[in-house]
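Please look over the sequence and the model below before reading on.

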Amino acid sequence: MAISYVLSAKMRSAYNFALTYSFLLLLLLLASMAQAQRHPGTFVARNAYYLEVSGSSDTYSLNFDRIVYQHGVFKAAVRAGIGTNLFFQEGEPGVYPIVPLEALGLIGATPNHLEFGLGYTRRFTDHPDLMQNMYFARIGLRYQHPHGGWLVRLAVTPFISPENKSDTPGLAVVPRFGLSVGRSF
């Protein structure tokens, strides 16, 4: 009889320890969720797809970006896209694909953000009068709700090309503007 009482006391002690440990774990989980709610700019919807007109491509590009880092009001993202000059080829020597790649930074705690970035665009053409490699910068505004929905970007995106072409001797610096519309999820 004494052995069964000892076992049941040990079991009760283990049960109380497990119950206390579970309660503390639940409190820590709730506290971490509450802390995440203190930063209204934290993005839950980190992915986005959008159509960019002009900007870092010749005419338009379909793009995907992902926010890879967040801390306070700062966010860092990467972007990749694909475009072409297919519907805007008047005066162009042919149809060719365009691939923009970019590293982005965003600052803001509301859906409105200051956006800046550096990128590279590759034109896949062998025409001797067209630049193939373009490096660009971005500074603009971005509307993206932290929980997803519409995405709108407006930016100045000047680019520079180190290629020396017949109609552009030396470095080519071209001012450009871009407009993007899409969705984040």
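What follows is a walk through this predicted model.

The protein contains one helix and 10 strands. Read from the N terminus, the order of these elements is α-β-β-β-β-β-β-β-β-β-β. The chain has 185 residues, and 36% of them count as buried. Contacts also reach across the sequence: among those between residues at least 6 apart, 51% join residues at least 24 apart.

The charged side chains come next. Side chains of opposite charge can pair when their charged atoms come close. The structure holds eight salt bridges. One of them is between Glu-52 and Arg-138, whose closest N and O atoms are 2.9 Å apart. Glu-52 belongs to strand S1 (residues 47-54) and Arg-138 to strand S6, so this pair ties together parts that lie 86 residues apart in sequence. Glu-52 has a relative accessibility of 0% and therefore counts as buried, the cut-off being under 20%. Arg-138 is buried as well, with a relative accessible area of 4%.

Glu-115 lies in strand S5 and Arg-153 in strand S7 (residues 149-156), so the pair connects parts that are 38 residues apart in sequence. Glu-115 counts as buried at 0% relative accessibility, and Arg-153 counts as buried at 1%. Through salt bridges that share partners, Glu-52, Asp-65, Arg-79, Glu-102, Glu-115, Arg-138, Arg-142 and Arg-153 are joined into one network.

Which residues make the nonpolar surface patch of about 1000 Å²? Among them are Val-68, Tyr-69, Val-73, Phe-74, Ile-107, Phe-116, Leu-141 and Phe-177. Strands S2 (60-71), S3 (74-84), S5 (112-123) and S6 (133-144) are the elements that give two or more residues to the patch. Phe-177, another member of the patch, is placed in strand S10 (residues 177-184). Phe-177 has a relative accessible area of 57%, which means that this residue is exposed, the cut-off being over 50%.

Note on methods:
Residues numbered from 1 in each chain as written. Predicted model: local features only at pLDDT ≥ 70, side-chain atom pairs only at ≥ 80, totals over all residues. Heavy atoms only, no water. Patch = residues over 30% accessible without salt bridge, like charges linked within 9 Å, V, L, I, M, F, W, Y side chains within 5 Å. Areas by Shrake-Rupley, 256 points an atom, 1.4 Å probe, with all protein chains shown as cover. Salt bridge = Lys/Arg side-chain N within 4 Å of Asp/Glu carboxyl O. Helix = DSSP H or I, 4+ residues; strand = E, 2+ residues; numbered from the N terminus. Buried < 20%, exposed > 50% of the residue type's maximum accessible area, 1.4 Å probe, protein only. Contact = heavy atoms within 4.5 Å.
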